[in-house]
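I opened this notebook to keep track of a few side-chain pairings and surface features. The entries follow the order in which I looked things up.

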Amino acid sequence: MTQVILKQAKIIDASSPFHNQTMDIKIENGTITQIEKEIATTSGFEVVTVPNLHISQGWMDSSVSFGEPGYEDRETIENGLKVAAKSGFTAVALQPNSNPTIDNQAQVRFVLDRAKNQATTLYPIGALTKGSEGTDLAELFDMKNAGAIAFGDYKKALQNANLQKIALQYVQDFDGMVIAFCQDSTLKGIGIANEGIVSTKLGMKGIPALAEELQVARNLFLLEYTGGKLHIPTVSTQGSIQLIKEAKAKGLQVTCSVAVHNLVLNDEILLEFDSRYKVLPPLREEATRKALVEAVLDGTIDCITSDHNPLDIEHKKLEFDLAKDGTIGLESSFGVLQTILPLEVIVNKLVANKLVFNVNNPSIIIGNKADISLFTTANEWIFGKENIQSKSKNSAFLGQKMKGKAIGIYNNGQLIIDNE
C-alpha cells in the first residue's frame with residue numbers, strides 16, 4: 001500500500017469536522033491516521049504537494065460502459081478504471097451492455113475479476129432482462145449474490161408494463177433496485193434529436209419530451225402499486241422532473257440522475273451536424289437545460305453521471321442519423337461541471353451516486369478508510385484530444401471550456417495522480 005501525506009489540501013466534506021479547512025492528511029495502510037494544520041514529512045511516505053489542492057469523499061459514476069467483454073476495441077475494464085481514477089472517481093457502476101450481456105452470475109464474476117487490484121472500485125449493474133431483450137427477467141437474485149448492485153437494461157426501456165411490475169415486486173425480497181431507462185419506443189420512432197425548433201430547421205426526425213415523460217409516469221404508477229426501489233437514469237425533460245418531484249412528495253422510493261452533457265449542452269450545438277453530439281436521451285432546448293440545472297440545485301435530481309459510453313470510430317464518425325448514440329465523459333465531467341454549478345453541489349452530486357446505490361461512503365475523518373478524490377478548482381482551460389485517455393475518442397466536450405481539474409484519487413491503498 002502507498003503511504004501518503006497530502007499537503008495543504010482543502011477538505012470539501014460536509015460530514016467531516018474538517019469541512020472547508022485546509023489541512024495536511026496522513027494516510028497509512030489505506031487509513032487516515034492524522035489530520036493537522038501541518039504534518040512533518042516522514043520517511044517512507046509519498047508527499048503530494050499540488051497548488052490549489054482540494055479533496056473530498058470519493059466520487060462515484062453510476063453509469064459507465066467499458067465494452068469488455070466483447071467490445072475491447074472500444075475500452076477495456078483495466079484501462080477504463082485507470083481513466084476513472086485519473087478523472088477523480090473512486091467507484092464506477094458498470095453497465096451490462098457488453099457482449100455477452102451481463103445477465104448472469106458468471107458474467108458478474110468475470111467483470112469483478114477483471115477489476116481486481118485497481119484503485120477505482122467497479123460495481124456491476126446486472127441486466128434486468130435476459131440479453132437486455134425485454135422478454136424474460138434475468139437471474140436477478142443470483143447476480144445480486146455475485147455482486148451486482150442494481151438491475152437495468154442500458155438505454156432500453158422495458159415496454160412490457162407487467163414485466164416491469166413483476167421486477168419491482170421480485171427484487172424487494174432481497175432489497176434490490178430496478179433501474180428504468182424511460183422512453184416510449186413508439187413515440188420515439190426513428191427520431192434522432194430533440195423534437196423542437198432545431199430539429200425542424202435541420203430536417204431531423206424529432207424525439208418528443210412526451211416519449212420520456214409517458215414512461216416516467218407509467219413507471220412511477222407501477223412503483224406506487226408495487227413498492228420497492230426505482231432509479232430513473234439520465235432524465236432530460238421538465239415534465240420528468242415534475243413527475244419525480246411529485247412521486248418523492250408521496251414518499252415513493254425513487255431516485256434519478258442526469259447526464260453531464262444534458263446539463264451543459266443544448267440542442268443548438270446540433271447545427272454543426274457533428275455526430276459527437278448524438279446522445280440518448282437527446283440534448284434538449286436551452287430552457288430545459290436550465291430546468292435540469294435548477295432540479296440539481298433543489299435536490300429533485302439526486303446525482304450526476306457522465307454516462308460514459310466509448311464508441312469506436314466506425315460507429316460514431318458517420319452521418320448523424322446513422323451514428324450510434326453516446327459520448328465519453330469521465331475525463332471531462334468535473335472540469336465542465338465547474339462552469340455551471342457551485343463546487344459543493346458538484347461534489348455532493350458525484351458522491352451521492354454512492355448513497356443512491358448503497359455503496360460504502362467513508363467521511364474524511366481520522367480512523368476511516370481513505371476513499372478520496374483529489375482535484376483543483378482554479379484555472380480555466382480548453383478540453384482537447386490530448387486530455388482524452390480513453391481508448392475511444394468520441395467526446396462531446398472537445399473544445400469546451402473547463403474550470404479546475406480532477407487530478408486523481410486515493411483508494412484501495414493506492415494513490416493515482418494524473419501528471420499530464
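**Charged pairs**

I began with R276 and D274, whose side chains meet in a salt bridge at 3.1 Å from N to O; I use the term for a side-chain nitrogen of Lys or Arg within 4 Å of a carboxyl oxygen of Asp or Glu. R276 has a relative accessible area of 17% and is therefore listed as buried, the cut-offs being under 20% for buried, over 50% for exposed and partly exposed in between, with a 1.4 Å probe and protein chains only.

Before going on I noted that the model is predicted, that local features need pLDDT of at least 70 and side-chain atom pairs count only at pLDDT 80 or more, while totals for chains, interfaces and linings use all residues. I also noted that residues are numbered from 1 along each chain as its sequence is written, and that side-chain values use heavy atoms, with hydrogens and water left out.

How many salt bridges does the rule give? The count comes to 14 salt bridges. Side chains of opposite charge can pair when their charged atoms come close.

I next looked up K116, which forms a salt bridge with D113, with 3.2 Å between the closest N and O atoms. K116 is exposed at 53% relative accessibility, and D113 is partly exposed at 43%.

K245 forms a salt bridge with D298, and here the closest N and O atoms are 3.6 Å apart. Because K245 lies in helix α8 (residues 238–249) and D298 in the loop between α10 (286–297) and β15 (303–305), this pair ties together parts that are 53 residues apart in sequence. Helices (H or I, at least four residues) and strands (E, at least two) are DSSP runs, numbered from the N terminus. K245 is partly exposed with a relative accessible area of 36%, and D298 is partly exposed with 42%.

**A loop lysine**

Where does K155 sit? I found K155 in the loop between β9 (150–151) and α4. Its side chain makes a polar contact with the side chain of D307 at 2.6 Å; such a contact is a pair of N or O atoms within 3.5 Å, where within protein one must be able to donate a hydrogen and the other to accept it, and residues adjacent in sequence count only if both atoms are side-chain atoms. Leaving aside residues up to four places away in sequence, K155 touches F181, T234, L280, P281 and D307, a contact being heavy atoms within 4.5 Å.
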